[in-house]
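The notes below follow the order in which I checked things.

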Amino acid sequence: MDISIASILMLDGLTNGAIYALLGLAIVLVFAVTRVIFIPQGEFVAYGALTLAIFQTGQVPGTVWLLLILAAVAALMDLATAWRRHHRAAPALQAAGRTLLIPLVVCGLSFWAAPHQLPLLLQALLTICIVTAFGPLVYRVAYQSLAGASTLVLLIVSVGVHFAMTGLGLLFFGAEGFRNPSFWDVRFAMGPLNITGQTVIIGAASLALIVLLWLFFERSLYGKALRATAVNRLGARLMGISTQTAGQLTFAMAGLIGGLSGLLIGPTTTVFYDSGFLIGLKGFVAAVIAGLSSYPGAAIGALFVGVIEAFGSFWASAFKEVIVFTIILPVLLWRSLRSGHSDEEH
């Protein structure tokens, strides 16, 4: 290996690592606020890439129908909950209406936009809206009623949600893979490196989203509420912060990050209905390196995972996944030796 090949591998690793960083941040965010180890984060990535691919064909993506079904289930659950609490029709219908409003608007726009072949950026924006709308609905249907359960129970539920979303992806998208067009079809030559416009967009979008997340948590009231919930759920409730709203907002952010990641990775590789698992798992490795608690640690760990994957694919492409996932073993051993076991949960 010479310096030119090493430079190319490093660029490839950092590009993929930038996407894994977003997923790692989302997994850390969801775990910190809700204690859910969100394994299906990768499914949001696959849904984002495949939804845009179906828009490109001029058809209505299957995610729109799935969003309608999920919204109807969540609305019925909210209707039943409000009825048990108030025993009046008006509050129950209001609760169901609030749950249905955003999904219906997004689905209506999707049905209108699909045959009109809108520009790529508008289709991408609509795709992000669809995938983001999934987040609160997934939380409402699968996790909200189990908010007080142990982390192990929530992990088991996450595994079930992952298999459900993967199966629904096969049902609505089929087994065929799709590759999206690049958002910026240019190339820059820098010595031995040939940097594509999509690589620039991946780096810029990842950096911009990380900065926006920092501003959201540091400057906004909702961000501070999420931070308070992550530190102490009981204390947050005593201070009037709704942990239910915090959970829904957190999952909406996870959906947004997943959908954006799908748009970024879609032009670089062919995405299948089950591609999200491996992609999300690499973000999970980065989150574990950060101890599921540190956002900068997750970002740095994700870049490390991306670089290891790139060099591993060069030296032993058949074992690159094994090499990446083996990283987690010494990290877990180091963390288990460094910190004692604690049953405390916030």
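By a nonpolar core I mean a set of buried Ala, Val, Leu, Ile, Met, Phe, Trp, Tyr and Cys residues joined through side-chain atoms within 4.5 Å. I note at the start that the model is predicted.

Entry 1, the core. I looked up the largest nonpolar core and found 89 residues in it. Phe38, Leu67, Phe134, Val138, Tyr143 and Phe251 touch the most other members.

I listed what leucine 67 touches, leaving out residues up to four places away in sequence. The list is Pro103, Val106, Cys107, Ile130, Ala133, Phe134 and Leu137. Phe134 is also among the core members that touch the most others.

I counted ring pairs with centres within 6.5 Å, and the count is 12 aromatic pairs. One of them joins phenylalanine 38 and tyrosine 143, with 6.2 Å from centre to centre and 70° between the planes. I logged this pair as edge-to-face. Phenylalanine 38 sits in the loop between helix 1 (3–34) and helix 2 (41–56), while tyrosine 143 belongs to helix 5 (residues 120–143). The two are 105 residues apart, and the pair links distant parts of the chain. Both phenylalanine 38 and tyrosine 143 are buried.

I next took tyrosine 143 with phenylalanine 251: the ring centres are 5.3 Å apart and the planes meet at 40°. Why is this pair tilted? Planes under 30 degrees apart would count as stacked and over 60 as edge-to-face, so the rest are tilted, and 40° therefore puts this pair in the tilted class. This pair also links distant parts of the chain, as tyrosine 143 is in helix 5 and phenylalanine 251 in helix 10 (residues 243–265), 108 residues apart.

I checked accessibility for both. Tyrosine 143 has 1% relative accessibility and counts as buried, and phenylalanine 251 is buried at a relative accessible area of 0%. Phe38, Phe44, Tyr139, Tyr143 and Phe251 form one aromatic cluster.

Is glycine 62 buried or exposed? Glycine 62 is buried, with a relative accessible area of 7%, and lies in helix 3 (residues 62–86). Leaving aside neighbours within four places in sequence, I found glycine 62 in contact with Phe172 and Phe173. From glycine 62 to leucine 168 I noted 9.1 Å, C-alpha to C-alpha, across 106 residues of sequence.

Note on methods. Residues numbered from 1 in each chain as written. Predicted model: local features only at pLDDT ≥ 70, side-chain atom pairs only at ≥ 80, totals over all residues. Heavy atoms only, no water. Phe/Tyr/Trp six-rings, centres within 6.5 Å; stacked < 30°, edge-to-face > 60°. Helix = DSSP H or I, 4+ residues; strand = E, 2+ residues; numbered from the N terminus. Buried < 20%, exposed > 50% of the residue type's maximum accessible area, 1.4 Å probe, protein only. Contact = heavy atoms within 4.5 Å.
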